[in-house]
Amino acid sequence: MESLESRDMEQQNKYISVRDLRKKYKRKRQKDLQVLDSINFEISRGEFVCIVGGSGCGKSTLLRLMSGLDPDYEGQVIIDHELVKKTDKRRGFVYQEHRLFPWFTVEKNIGFVMNDKDQEAKRRKISEVLELVGLKGFENAYPRELSGGMAQRVNIARALVNEPEILFLDEPFGALDALTRIQLQKELLTIRKKQKSTMLLVTHDIEEAVYLADRVIVLANRPAKILDIVEIHLPEIRDRSSEVFQKIRRNIYKYFESKDEKEE
Amino acid sequence: MRDKMKGSLVCSFESMFLIIVIVAVWYIAAETGSVSRILLPSPLTIGSTFMKKFGDGSLLTEIGISVGRVLKGYFFAVAGGICCGVIIGLSESIYRMTKILIQILKPIPPIAWIPLVILWMGIGESSKVFLIFLGGFFVVLLNVIDGIRYIDPKLLEVADAVETPKVKYILGLIIPAAMPSIFTGLRVALGTSWSCVVAAELVAASSGIGYMISNARNFGQMDVVIIGMITIGIVGKVMDEILKLLEKKVLAWNL
């Protein structure tokens with residue numbers, strides 16, 4: 001990773017900065033597929049940002065580039081003055097599917113991503129993080145014994161155990177039933193309060209974005225471009241049924257509605 | 001699911017039915033004299049010869065010798081197959097380098113190796129162990145390679161994202177993830193190894209179950225030949241059952 005010279009003071013103060021980010025997928029005997037086109041935005045330390053967009057619009061790709069999972073891109077992703085070219089322990093990733101190893105218990109699944117030498121400290125950290133996601137006592141359970149919601153909690157715990165400065169979440173609640181989803185969204189806010197990490201969450205659920213985020217980045221469909229960045233000025237604990245909440249939701253929804261009509 | 005587990009060990013009536021019918025037809029054919037006793041001895045003759053061979057311990061001795069050889073050759077096949085398989089499966093360039101060679105060597109039956117192996121190693125124990133090794137090695141190897149190459153890349157990404165140390169990567173992720181495929185290889189390889197020992201002993205040996213068969217042929221003792229054949233079948237089945245039990249233990253997470 002190389003340190004970059006700052007362009008100006010304002011940009012330097014920003015914790016994460018994405019500049020002119022583009023991504024192409026090379027295809028055989030076809031034109032390259034442009035999935036991201038000239039993406040620019042910045043995120044401050046401790047901020048919770050949600051990225052919403054239609055399915056297949058490239059929002060997950062954006063998250064993968066920013067976390068270093070996919071280093072093949074044009075433009076710049078700068079986190080804490082460093083150009084992102086690979087993954088880093090300081091950045092946790094919560095995958096869309098739980099991706100737990102079926103042959104390991106919950107405890108060993110979380111332990112797998114840790115490189116702590118001290119076994120005692122390791123066990124303590126695992127138990128702390130399991131308590132944080134509300135799964136204390138499930139250390140010795142196997143993934144097949146867990147419900148979808150529980151598996152997703154372990155997925156989150158695994159991402160948190162190395163105490164990351166940034167947490168990337170790729171549609172973490174997409175496959176869960178509505179009630180479990182609401183429950184986990186609430187818990188994610190509690191976790192954020194305790195961990196104080198910066199969070200970036202990708203979702204296609206506008207309500208989820210408005211409920212969780214300080215700012216919502218709205219992406220257009222392929223190639224993904226930023227349509228709008230919406231600041232959410234709502235209290236910490238949000239009432240989904242309130243007038244203001246619904247108004248913000250409707251405003252974001254309009255971006256996708258008009259798109260559909262054009263296609264028809 | 002419980003029924004499935006039981007079914008393989010307990011001899012149910014359905015699984016025995018066909019065997020009983022075949023033995024009955026055979027018995028009638030032999031006892032009524034519609035088939036020459038020289039061509040096909042009666043089940044009764046076979047039964048009494050079996051009791052004699054079993055009683056004086058000679059049958060068990062021959063089985064013991066053959067099983068011992070199989071275990072030696074099989075051990076090398078498994079150890080070699082897993083080690084080479086992990087190396088080839090993990091490296092795209094080594095995979096491409098070895099692919100054609102393995103694909104050409106694999107279909108050569110171990111029996112075709114016999115002339116060369118006897119020339120190189122003589123007719124002692126080592127040549128038989130080597131033939132058994134050949135019989136099992138490629139089966140294990142290919143299953144290990146496939147097992148590793150078809151691991152869900154999403155699981156690999158979890159490990160890659162946190163810079164997992166190599167040893168932990170292999171022992172904690174690669175081997176367990178490939179284990180179902182590896183076990184398929186282990187079971188098929190045990191079967192092929194077992195048929196190789198018989199082939200090797202038919203050609204050059206002075207002991208073992210294959211020798212028992214070829215020796216009996218020279219004396220026209222078809223009852224002993226048939227006992228040898230049935231014994232090979234039963235021992236093969238028992239060995240497979242033992243591996244299946246082991247598989248159930250090791251792969252409990254996969255059931």
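Two residues are taken to be in contact if their C-beta atoms, placed from the backbone, lie within 7 Å. On this criterion, in the predicted model, the contact between the two chains draws 13 residues from chain A and twelve residues from chain B. The side of chain A that touches chain B is made up, by class, of eight nonpolar, two polar and three charged residues.

For chain A the average pLDDT is 85, and 92% of the residues score at least 70. Confidence stays under 50 across residues 6–11 of chain A, a stretch for which the model has three contacts beyond four places in sequence.

Chain A contains an open sheet of four strands, arranged in the order E2-E1-E4-E5 with antiparallel pairing. Strand E2 (33–43) and strand E5 (82–83) of chain A each have a single partner strand and stand at the edges, so that one side of each is left without a neighbour in the sheet. The antiparallel pairing of strand E4 (residues 74–79) of chain A with E5(A) rests on two bridges, and A:Ile78 has A:Leu83, in E5(A), as its bridge partner.

Chain B, by contrast in its secondary structure, comprises eleven helices and zero strands, its elements running α-α-α-α-α-α-α-α-α-α-α from the N terminus on. The C-alpha trace of chain B spans about 75 × 50 × 30 Å along its principal axes, and of the 255 residues in this chain, 31% are buried. Among the contacts in chain B with a separation of 6 or more, 73% are accounted for by residues 24 or more positions apart.

Definitions and conventions: Residues numbered from 1 in each chain as written. Chains lettered and ligands numbered in written order. Predicted model: local features only at pLDDT ≥ 70, side-chain atom pairs only at ≥ 80, totals over all residues. pLDDT = per-residue confidence, 0-100. Nonpolar A, V, L, I, M, F, W, Y, C, P; charged D, E, K, R; others polar. Pairing = 2+ DSSP bridges. Buried ≥ 20, exposed ≤ 12 C-beta atoms within 10 Å, placed from the backbone.
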